[in-house]
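Here's a quick briefing for anyone meeting this structure for the first time. Have a look at it, then read on.

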Amino acid sequence: MSESALPDGVERRQIEGGRRLATRGEPVYGEPTADGWRAWDPERSKLGGMLELGVETGLTGGETVLYLGAASGTTVSHVADFAGPTYAVEFAPRPARDLLDAAAPRDRLFPLLKDARKPETYAHVVEADVDAIVQDVATRGQAEVAVRNAQFLADDGRLLLAVKARSEDVTADPETVFEGALGRLREAYEILETRRLDRFHEDHLGVVATPK
């Protein structure tokens, strides 16, 4: 992967015997660190996997980000290390507690204990025209969530979405699931790139899109 594809604040650093993606910040999930840099494990992060595979995310560093499906903060903590204001939406109480811990040392990370399927419940908090929406919501209707949240995205912003086939339909062929999701996405977005993430995340599709 070309280094130019990495946002400012994300670098390849020598950590524990190998050159690994890393951001500067307090560790969150037991990841190895070196000289203030924390390894970004692509096997535990869909966005990390997309960056590792060389997907052109459009991220440059310093963006305002809406992160949907923040869970316990694994990926969104890395995002907040290099981005600007980062709104982290998570609905489940247990991971949300860990998310609050991840946010404590990060003054740019704002946890929102909300349901990503109901953007009207946090529209009064999230500023308009965010630069990027990062979505990793393991629920049925993943494309619908992205469409409902398109209202927050700047005209030239980026949607960075990981579609998990098994969350939509455990029995269906993943390619069929992905085509259905892309069809719904195209109602609100122009698809710029898709990439299977199976090297790190089985039956996942990475999607980069921009609003129509």
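"Buried" here means under 20% relative accessible area, "exposed" means over 50%, and "partly exposed" is in between (1.4 Å probe, protein chains only). Strands (E, at least two residues) and helices (H or I, at least four) are DSSP runs, numbered from the N terminus. This is a predicted model, where local features need pLDDT of at least 70, side-chain atom pairs count only at pLDDT 80 or more, and totals for chains, interfaces and linings use all residues. Residues are numbered from 1 along each chain as its sequence is written, and side-chain values use heavy atoms, with hydrogens and water left out.

- Two strands count as paired if DSSP finds at least two bridges between them; β9 runs antiparallel to β11, with 6 bridges.
- Within that pairing, Leu160 sits opposite Val208.
- Strand β10 (residues 189-196) is also antiparallel to β11, over 7 bridges, and Arg195 has Gly206 as its bridge partner.

- Asp156 lies in strand β9 (residues 153-164) and is exposed, at 62% relative accessible area.

**The four-strand sheet**
- An open sheet runs in the order β1-β2-β4-β3, with antiparallel pairing.
- Its edge strands are β1 (10-15) and β3 (33-34), each pairing on one side only.
- β3 meets β4 (residues 37-39) through 2 bridges, and Thr33 has Arg38 as its partner there.

**Helix α2**
- Helix α2 (residues 74-82) is mostly covered, with 9 of its 9 residues buried.
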